[in-house]
Amino acid sequence: LSGNFTVDRYDGDNCDDATNFQNLSNKVDQYDLIFFEDPHLADKSNTCCSTPPWDFTNLQNYVLNGGAVIVSEHVIKGDNEEVIVFGAKLHHPSKLQGGNNPLTVVQTDPSFPSLSLGTTFAFNETPAMGLADFISITPSIIANYTNYRIGIVSWKYGFGKVTFFSDFDET
């Protein structure tokens with residue numbers, strides 16, 4: 001990436017998480033890309049302290065209409081939480097782990113040209129997705145762990161695209 005960017009920051013580290021998320025969600029049309037690095041989102045049926053329930057409607061519509069979202073690491077906050085958003089189940093990383101093993105790039109994606117076919121690397125943390133997490137959509141698996149858990153994956157949702165990365169910190 002090159003050029004100048006305008007950035008808004010969602011801070012999910014306090015009891016105002018849902019309010020901060022809703023503020024961001026209300027202005028998604030201002031963005032070309034929304035990036036959630038280790039966001040600790042919660043299921044919309046939960047509340048944090050006295051904040052309103054989580055609502056993913058604006059974010060889902062943003063992607064359906066051509067927006068792009070990248071999510072990574074601990075997408076959901078609670079140990080037994082999961083939320084269906086963008087046509088997939090996003091859950092707490094304790095549900096699926098890539099294990100203590102490297103990822104191998106099994107398919108290239110033009111959005112990530114530095115991920116060359118056959119490249120092997122390891123992330124510090126290993127949250128993963130499984131094929132059962134995708135509901136009526138076909139994911140494009142970019143990198144697998146040696147236990148075949150999915151470490152990097154993209155999928156089309158409407159006219160937009162969602163990408164999941166286990167982490168961004170290599171060991």
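The model is predicted. Its second largest cavity has a lining of eleven residues, and those nearest the centre of this cavity are Leu-41, Phe-56, Val-85, Phe-86 and Leu-90. The protein has 171 residues, of which 46% are buried. The points below begin with the overall architecture and then turn to the cavities, the salt bridge, the surface and individual loop residues.

**Overall architecture**

- The secondary structure consists of two helices and nine strands.
- Read from the N terminus, the order of the elements is α-β-α-β-β-β-β-β-β-β-β.

**Cavities**

- The model contains two cavities of 30 Å³ or more.
- The second largest cavity holds about 50 Å³ of space.
- What classes of residue line the second largest cavity? Its lining comprises eleven nonpolar residues, with no polar and no charged ones.
- Phe-86, one of the residues nearest the centre of that cavity, is placed in the loop between β3 (82-85) and β4 (88-91).
- Phe-86 is classed as buried because its relative accessible area is 3%, which is under the 20% limit for that class.
- The phi angle of Phe-86 is near 60°, a positive value in a residue that is not glycine.

**The salt bridge**

- How many salt bridges does a search of the whole structure find? The search finds one.
- The partners are Asp-109 and Lys-161, and their closest N and O atoms are 3.0 Å apart.
- This pair connects distant parts of the chain, since Asp-109 is in the loop between β5 and β6 whereas Lys-161 is in strand β9 (residues 160-165), 52 residues apart.
- In general, side chains of opposite charge can pair when their charged atoms come close.
- Are the two partners buried or exposed, or do they fall in between? Asp-109 is buried, because its relative accessible area is 8% and the class covers values under 20%.
- Lys-161, by contrast, has a relative accessibility of 22% and therefore counts as partly exposed.
- Lys-161 also has a contact of another kind to consider: its C-alpha atom is separated by 6.7 Å from that of Gly-67, although the two residues are 94 apart along the chain.

- Leu-33, Phe-35 and Phe-168 make a nonpolar surface patch of about 270 Å².
- Phe-35 belongs to strand β1, which spans residues 33-37.
- Phe-35 is partly exposed because its relative accessible area is 43%, a value between the 20% and 50% limits.

- Val-106 is located in the loop between β5 (103-105) and β6.
- With a relative accessibility of 41%, Val-106 counts as partly exposed.
- Which separation is found between the C-alpha atoms of Val-106 and Ile-142? They are 5.5 Å apart, while the residues are separated by 36 residues along the chain.
- Glu-125 lies in the loop between β6 (120-121) and β7 (140-145).
- Glu-125 has a relative accessibility of 33% and so counts as partly exposed.
- The C-alpha atoms of Glu-125 and Asp-167 are separated by 6.1 Å, and these residues are 42 residues apart along the chain.
- Tyr-148 is found in the loop between β7 and β8 (150-157).
- Is Tyr-148 buried or exposed? Tyr-148 counts as exposed because its relative accessibility is 67%, which is over the 50% limit.
- Tyr-148 is not a glycine, yet its phi is positive, at about 70°.

How values were computed. Residues numbered from 1 in each chain as written. Predicted model: local features only at pLDDT ≥ 70, side-chain atom pairs only at ≥ 80, totals over all residues. Heavy atoms only, no water. Patch = residues over 30% accessible without salt bridge, like charges linked within 9 Å, V, L, I, M, F, W, Y side chains within 5 Å. Areas by Shrake-Rupley, 256 points an atom, 1.4 Å probe, with all protein chains shown as cover. Salt bridge = Lys/Arg side-chain N within 4 Å of Asp/Glu carboxyl O. Helix = DSSP H or I, 4+ residues; strand = E, 2+ residues; numbered from the N terminus. Buried < 20%, exposed > 50% of the residue type's maximum accessible area, 1.4 Å probe, protein only. 1 Å grid on protein atoms, 1.4 Å probe; cavity = no way out; pocket = protein on both sides within 12 Å on 5 of 7 lines; lining within 4 Å. Points joined across faces, edges and corners; volume = space filled by probe spheres on them. Nonpolar A, V, L, I, M, F, W, Y, C, P; charged D, E, K, R; others polar.
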